[in-house]
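Colleague: I have not looked at this one before. Can you walk me through it?

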Amino acid sequence: MTPSAASPSACPPRLVFTDLDGSLLDHHSYDWEPARPWLARLKAEGVPVIPVTSKTRSEILPLRRELGLEDAPFIAENGALAGLPLAWSHARLDRGPGPDGLAIRTLGVDIGLIRQRLAVWRERLGVRFTTMSEMSLEALVDFTGLAEPQARLARLREGSEPLIWEEGDEPLAAFCEGLEGDGLRLVRGGRFWHVTGDCHKGSAVAWLIERFEALRGHRPRTLALGDGPNDIAMLEVVDQAVVIRGCHDLEVSPDQASLYRSLATGPDGWVEGMEHWWGRDERRPSSVEEGRPPTEPGPREDGVPA
Ligand SMILES: [Mg+2]
């Protein structure tokens, strides 16, 4: 499953970009079993499934092994960095691969700068928030439901800092404005707010699509799936998108004409979205788009994808 892997010559190469928590992985149990048949099918068809997540590089590495996505790149920390397998890296533009065979590309700013500016704004505005690095391991386990080893990996940040906001909306606006003046962004995820450099899931996905085109010489057909407000930018830069029903009340309304909203949550919603766009005959995807109103949930086909 590399950019040079064969896909049917009659249709363009395809890429799937997916959020993890609350999308491919269940929000509560982190289970992904319902998506297994679709992941196997996409792998067999040579379609890379690219995780695009707020998770850290250290969290993603074991997960992509478990999910069988080791040949695909990944985007970590809400677009702050990309991990590129050899087939996706560029001899001239990327640093050589590390011991894990991945070239890591920083797309945002260093975590040290983020933490320094957070300390400045906390004091200047007198606002209360708790960053993930300030939480005890026990508190992080309680808050996220992660097992302790995974919670340790979640704390190994390189380009973004998650935080729990403990104030109302008004100080939040001032906080956001202050960070923007520093070239930083504040985006909302399922559990945390995330502070990153001037990058987001959308800019990272657009960068990766360009990289694919530069290496392959073809514009790929792209599909993205996500459940949170931090997925909106990603859902807007692809050809087709799925908003997976969230386990939250946050609005997720991307500016995207080819949009499907799932009825189910988590990996069941993920499968529903894949079925909607590519579940019939993806060699004629335009018939799927034309055959159904873009935002109306379609019929659910259970079981192994056709
Ligand atoms: Mg999510």
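Colleague: What covers the buried residues of α2?

Modeller: This is a predicted model. In it, the cover over the buried residues of α2 includes the helices α1 and α5 (148-154). The strands β2, β3 (74-76), β4 (81-84) and β5 (103-106) are also part of that cover.

Colleague: Which residues of α2 are buried?

Modeller: Helix α2 covers residues 57-67, and its buried residues are R57, E59, I60, L63, R64 and L67. Viewed down the helix axis, the buried residues of α2 fall within an arc of 140°, so they line one face of the helix.

Colleague: And which exposed residues sit on the face turned away from that side?

Modeller: P62, R65 and E66 are the exposed residues on that face of α2.

Colleague: What comes just after α2?

Modeller: G68, which has a positive phi of about 75°.

Colleague: Which strands does β1 pair with?

Modeller: Strand β10 (residues 221-226) runs parallel to β1 and is joined to it by 5 bridges. R14 has R221 as its bridge partner in β10. β1 also pairs with strand β2 (residues 49-51), again in the parallel sense, over 3 bridges. There, F17 stands opposite I50 of β2.

Colleague: How does the chain get from β1 to β2?

Modeller: Through helix α1 (residues 36-44), in a β-α-β crossover that is right-handed.

Colleague: OK, new topic. What is the strand order in the open sheet of 4 strands?

Modeller: The order is β6-β7-β9-β8, and the pairing is antiparallel. The edges are β6 (129-131) and β8 (185-188), each with a single partner strand, so one side of each has no neighbour in the sheet. From one strand to the next, the twist averages 30°.

Colleague: How many bridges are there between β7 and β9?

Modeller: Strand β7 (residues 160-165) pairs with strand β9 (residues 193-196) over 4 bridges. P162 is opposite H194 of β9.

Colleague: Which strands does α3 lie across?

Modeller: Helix α3 (residues 111-125) lies across β6, β7 and β9. Its angle to β7 is about 30°.

Notes
Residues numbered from 1 in each chain as written. Predicted model: local features only at pLDDT ≥ 70, side-chain atom pairs only at ≥ 80, totals over all residues. Pairing = 2+ DSSP bridges. Helix = DSSP H or I, 4+ residues; strand = E, 2+ residues; numbered from the N terminus. Right-handed = clockwise from strand over helix to strand, strands pointing away. Buried ≥ 20, exposed ≤ 12 C-beta atoms within 10 Å, placed from the backbone. Arc of directions from axis to C-beta. Contact = placed C-beta atoms within 7 Å. Axes fitted to C-alpha atoms, helices over the stretch in contact; angles between N-to-C directions.
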